[in-house]
Amino acid sequence: MKITLQHIDKSFGKVHANDDINLTIPSGTIQGILGENGAGKSTLMKILTGYYQADSGEILLDDMKVKITSPEDAVVRGIGMLHQDPLDFPPMKVIDNFLLGTKGGLFPNRKQVENEILRLSNEFDFQINPDAFVETMTVGERQQLEILRLLWLGVKVLILDEPTTGISANQKDKLFATLVKLASQGLTVIFVSHKLEEVEQLCNRVAVFRQGKLVGEVDPPYRTDQFVYLMFGKNVEVGEKASFCTDDTYIKLKNIGLEDYRLRLKDINLEIKSGEIIGLAGMEGSGQRLFLRMLAGLMRPVSGNIYIDGVDFTGKNYHVFQNSGVAYLPASRLEEGLIPGMTLTEHFILSEKHRELFVDQRSAMDLTEERIKTFNIKGTPVSQVEQLSGGNQQRALLALLRKRLRLILMEHPTRGLDIESAIWIWSKMKERCKDCASIVFTSSDLDEILQYSDRILVFFGGLVSPPINAKSTTVDELGQLIGGKGW
Amino acid sequence: MEIATLTTLAGIVEYAVPVLFASIGENITEKAGITNLSVNGTIILSAMGGFVVSMNTGSLLLGFLTGALIGAAVAAIVAFSSITLKQSQVAIGFILALLCRDLGYFLGAPYTNKPGIFLSKVPIPGLSEIPILGPVFFNHSLVVYASYLLIIITFVYMYKTRPGLMLQGIGERPTAAFARGANVKALRYLYTILGGALVGLAGPMYSLAVKIGWAGQLSGLDGVGWIALAITIFGGWNPLRVAFGAYLFGGLQQLGITLQSTTDIPIQILQAAPFPLMIFTLLLVNVGRAEWVERELAAMPEKPRKVISKILRALRTSPPASLGVPFEND
Amino acid sequence: MSIQTPAVKTSANGRKKGLLDFGIRLSAVILAFVFTSLILLLVKADPLEAYKTLVTGAFSTTSKITSVAASWVPLVIATSGLLFTFTAGLWNIGMEGQIVLGSVFAVGAFRLLDNTAMDPTLVIIIAFIAGALGGILWALLPGLMKVYGGVNEIFGGLGLNFVAKTIAIWLIFGPWKRPGVASSSGTEWIDIKYRLVNMPGTNLSLVILIIAVIVAILTAILLKGTHFGLKLKAIGKNYKAAYLLGIPTTRYFLMAFGMCGLFAGITGAILVTSKQYSLIPDAGFGYGFLGLLVAMLVNYHPIWSSIVAIFFAALTIGNTQLQYMGLSTYFAGVLQGILVLFVVLVDGLRKRLVRRM
């Protein structure tokens, strides 16, 4: 199906999310949509899939003007979207996921649908079991399921939003092969991403977005520097790669075993040096989170010992770890990191130790003012944290870290942030390393892991690789390990 | 089997009925993602309303209908407050639980201990002659037979039909359900009100069938609604397991009646017996989630660790993921 | 300078917003009275006469006014206790049972020390401490079950309410039954020397009034001005983040329950020493539930809750006169419930309007 967007405009309050967008996508193409977070890609996709209505402008499908009123209406008209976090129902079975929302009689014909799932699954060389529970599947398999479901519903346009986050190299190859096959069958594929390489590898044509505007359409052969310039309006300097790793061992892990009801990690041995940065790579749910939480004292290992500065901390709780200089920054900022409904000042009061009974509002305000300046937070001492943007929330979290820290544990520290915030945050973290703090962090962005780590651990299906020197490895090598090859 | 035993078993089946209607009604509501905490008050108010209406009109049907309407009306307030206004579901539910109880006692005061009409037994021809099963299951009033149907229909609807799958969807992940065409808010209204109507039916089931009459505070209905809510949790939001919980409760009540006639334990103590049990069952299904349990388990050697965590997981029940979370379309 | 500006601005805005909030709440109250009038018409009672009876029943004589004050005391203490648990995000529905246990322990102390030579004042103080302990014990139970057993405090508290009542009944009909025949009117009265003396010509003991005022002020200061209050608030709003920020959440949850139980226990002791002089089956008098309603009505604000409690106490006292109109004494509960219902609904409408704008 051919899609034509004419003069699409959309504002949210003061934010001009889509500014006069004009774009035509012929059928059978794989169209890349490239841009930073907040560039307006998602808004446009949500307009195309009926979540939002454009303030002005037209959508034409096969040259017919249409009004798309809801996500369901979009599917009926042939436009389906695969969301970054697939919109399925984890506690339910694959077949029920397929059936949920379908039209028809009271009792669906389960046998028939089961056969169709198997047929489609075979056609694309997926292994989808109709009786499996979705929560037991990986993100990659859930994407496959969602794609099959949308095809089964007869979509002619498939939109994919950052689909390669959290899936293995293998699954990525398979996904790309599938998309190429679908395009050859006449489907229109819209591939939304902020990863240059993937867009270059896959797309027939790329539209680049910046600050709500479509700033350029590019045809192959692609030049990376051209993309970078279009995306950022300038050439971006990535911070220089300095290491503050010392020879002093700060943390020693001996034969650590970790377990939750889905996963078992065994015999992890590692020494973390003062000032060292260790990146944890792997598909989401491969054990990185368990590992981080163990280092924070939030989870007790089922075997082995943790030594901090030579002292055995095994079985101690988070607050004991915290008092010896460990800090944990969770990925979900408003769920675990900050307290919605409380002001920045209140957060700073809470983060410090106090012996006195009464709160000294005056000095708390002063301290907050100072931190707001140092950390460049856009907000006032009385701003409630949920009113801040994602980047400012992350800055606030960093500002809340206590002064003298020895180990900082971070889950996806720059997820959802624009590149400049990300670079700024890492420069702040490097300062901490200079002060002898070690950092362990997870990220689904391999470039970030390679850029900032001294050593890297790869997690795959309950296995943990020996530490890999970041200087002597490549994205490809890591990608193979993450996908389960070369173990 | 002795006659006395059969009577006791039949009593369990009968006593479970009102609480079964209430907890399956709540099960439906919570499956859609809304907690209706008003159950305790609703049952008292609708028991009174059903009794008074049937007494004045001479129609049992109108009595039950009144109960259902009261339940639906109270649930509509809960729905409006939580779905449209996004106020705390706990707050509104609790206020209504207290208000409806007092309203029931206030409006019902003039009718206390008045003679009314009640549902009589209708043995099912044929089935009631089956030895053992007949007298236990098929020699009852119509509401008992209705309860059998309710269990089966609710289960089949929830897990086997298209709208039933959508019902699970809006409680589990409303954003995904919306993407598949569900009008989440409207459906939540529908199931909250439908569930409320079933809860409302529990009232007249007491006053017109199981615990006949209206005696104000002495009707002994205060507390039943909270048990029904606990049974929904114990039952893991699955109608079959919920029904099992309701029969356990019926058994406990029947046991109380037996003990009352054979021992001299004060009746109030027997009436309170289900509550510690309620707490205990909630402890069983929830303790596996506690952090200290995880820590203690991690410190154990492998064999006992595996066995215990398996047991805890089997007991554990999980609510619909979006229970109590308001929904907006984007 | 940059520190001053936002703060000053907010307080000016705050005042205007406060006024608007007050107006909206007032309209909710008016609506509630209209709705209640409809219910009165339904039972063929004259609403105006009923309201008049309520007012005269509460305020027409000194003795009535002091009765209102005497009823305000337990209500304001109970509500203060609940503000601690509410701030920590907890629904302590078990307050009622905690008051009962406070009464049980207080009566127990009196019975134990009755025939000793101890100074009566000292015995009264010991009874208050015993009551406080009883309340704390009964509040920590649902607290422990919540933090260590994952049992929602609503169910824990409710279940324990029924258990507490059962304990009271068992004592009244069993070990503590009156000489001769047990009766549901309660245990034998405590000796006259243990009863708190009312101020001359009134129904109010000065001691309990002072206790209530101290409790109300202490609660406001602790919740609004101290690190303790701020930490409770943090836990109430997001306990996971509070834990990661370094607050020992388990301990603070239990402290909130403990504070609430302490005040519940004191309430129980006050009811024994100044109102009932014995243990009765309904020893909590519904003050626990009423306190929940008061707290919800004022959106958990300490000072406002003391003021609204006066109104609720007046309803409870004036209500007793309604029987002469042939109305059930459950009317106060109906009116109170409808008031809170409308305030919550109208508040929701206001928020919805704000969201829309």
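The model is predicted, and local features need pLDDT of at least 70, side-chain atom pairs count only at pLDDT 80 or more, and totals for chains, interfaces and linings use all residues. Residues are numbered from 1 along each chain as its sequence is written, while chains are lettered from A and ligands numbered from 1 in the order in which they are written.

In chain A, 6 strands form an open sheet with mixed pairing, in the order β6-β7-β8-β3-β9-β10; strands (E, at least two residues) and helices (H or I, at least four) are DSSP runs numbered from the N terminus, and two strands pair if DSSP finds at least two bridges between them. Because β6 (79–82) and β10 (213–218) of chain A stand at the edges, each with a single partner strand, one side of each is left without a neighbour in the sheet. From one strand to the next the twist averages 20 degrees.

Strand β3 (residues 30–35) of chain A has 6 of its 6 residues buried, where buried means that 20 or more other C-beta atoms, placed from the backbone, lie within 10 Å of the residue's own. A:Ile30, A:Gly32 and A:Leu34 point one way from β3(A), and A:Gln31, A:Ile33 and A:Gly35 the other way. The pairings of β3(A) are listed here.

| Partner of β3(A) | Bridges | Direction | Source |
|---|---|---|---|
| β8(A), residues 188–193 | 5 bridges | parallel | |
| β9(A), residues 205–210 | 5 bridges | parallel | |

Within these pairings, the bridge partner of A:Leu34 in β8(A) is A:Ser193, and A:Gly32 stands opposite A:Val206 in β9(A).

In chain C, helices α3 (residues 62–87) and α12 (residues 302–319) pack at an angle of about 135 degrees, with their axes 8 Å apart; axes are lines fitted to C-alpha atoms, for helices over the stretch in contact, and angles run from 0 to 180 degrees between N-to-C directions.

Between chains, 36 residues of chain B are in contact with 36 residues of chain C, contact meaning that the C-beta atoms, placed from the backbone, lie within 7 Å. On the side of chain B that touches chain C, α4(B) supplies the largest share, 13 residues.

Key:
Two residues are in contact if their C-beta atoms, placed from the backbone, lie within 7 Å. A residue is buried if 20 or more other C-beta atoms lie within 10 Å of its own, exposed if 12 or fewer, and partly exposed in between; C-beta atoms are placed from the backbone.
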